[in-house]
Amino acid sequence: MRETDFVSGFARGLKVIEAFEETRQRLSIAEAARLTGLDRATVRRSLLTLAELGYADYDGKFFALTPKILRLGHAYLSATPLPVLIQPHLDQLSEKAGQSASASVLDGTEIVYIARASQRRVMSINLTPGSRLPAYCASMGRVLLAALTEAEARSILARTDLKPNTLNTKTDVEELVREFGRVREQGYAVIDQELEIGLCSIAVPVENDRGQTVAAINIGAPAAHAPAADMPVRYLPLLKETQKALRLVLR
């Protein structure tokens, strides 16, 4: 891309939007500036523009995104057939397993949920399409990172904040790279309470009819109900069945 094609103001505005999260629903100008690394004047203009366009509310001190911001995510979900094609298969998978099932794609250092069939809430946060989790410690993230070359996976890990969410979380780069190799070889990833204590999950890649990995699907369950060691026996056949069915419909 040519330098003259890059709209820096638009890029800064998007960065400000990305500063909002489930745990940061209201931000002051100072907080948004700190989170984005942008100067306060730039952040102020971006936030006031969002408020003027109806994408944010402003009470004189704090800004909060409004439901109108969902139009941006809805545009992606509407423009790509992937969520629509996956959802009915995910619903069947969840019903058969008696557990929550999800689908996601890789976006930078994170996975983004594009579809979900929930039997019960298995995490402290409410996961819905559009939710994000760090790829390195999520089962779907491990599957998607394993589909990359080692150099590509290492590049993503280098840009990731490898923090220990629990005592089980793998944060060593070399250990994670070896884990990606195991996932690649066995065709699935199991997470044993690395994202959150009490949660285990198992994931497989979703491939199109050309064998390209385009997404990942998983089943998540409480560790008390389905320990990590039991997940391949319990849920892998169902995941592979769904994986095979999706490969037939994804082009």
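In this predicted model, the largest nonpolar core holds 31 residues, and Ile86, Leu90, Leu93, Ile202, Ile217 and Tyr235 touch the most other members.

The largest share of the core, six residues, is supplied by α9. Apart from this core lies another, of 25 residues, including Val143, Leu145, Ile156 and Val177. In soluble globular proteins, nonpolar side chains tend to be buried together.

Isoleucine 202 illustrates the contacts in this region. Leaving aside residues up to four places away in sequence, Ile202 touches Ser139, Tyr188, Ala189, Val190, Ile217, Asn218, Ile219, Met231, Pro232, Tyr235, Leu236 and Leu239.

The strands may now be considered. Six of them form an open sheet with antiparallel pairing, in the order β6-β5-β4-β9-β8-β7. Because β6 (132-134) and β7 (189-192) stand at the edges with a single partner strand each, one side of each has no neighbour in the sheet. On average, neighbouring strands of the sheet are turned by 30 degrees against each other, direction ignored.

Alanine 189 has alanine 203, in β8, as its bridge partner. Helix α9 packs on the sheet, where α9 touches β7, β8 and β9. The direction of α9 makes about 25 degrees with that of β8.

Key. Residues numbered from 1 in each chain as written. Predicted model: local features only at pLDDT ≥ 70, side-chain atom pairs only at ≥ 80, totals over all residues. Heavy atoms only, no water. Core = buried A, V, L, I, M, F, W, Y, C linked by side-chain atoms within 4.5 Å. Buried < 20%, exposed > 50% of the residue type's maximum accessible area, 1.4 Å probe, protein only. Helix = DSSP H or I, 4+ residues; strand = E, 2+ residues; numbered from the N terminus. Contact = heavy atoms within 4.5 Å. Pairing = 2+ DSSP bridges. Axes fitted to C-alpha atoms, helices over the stretch in contact; angles between N-to-C directions.
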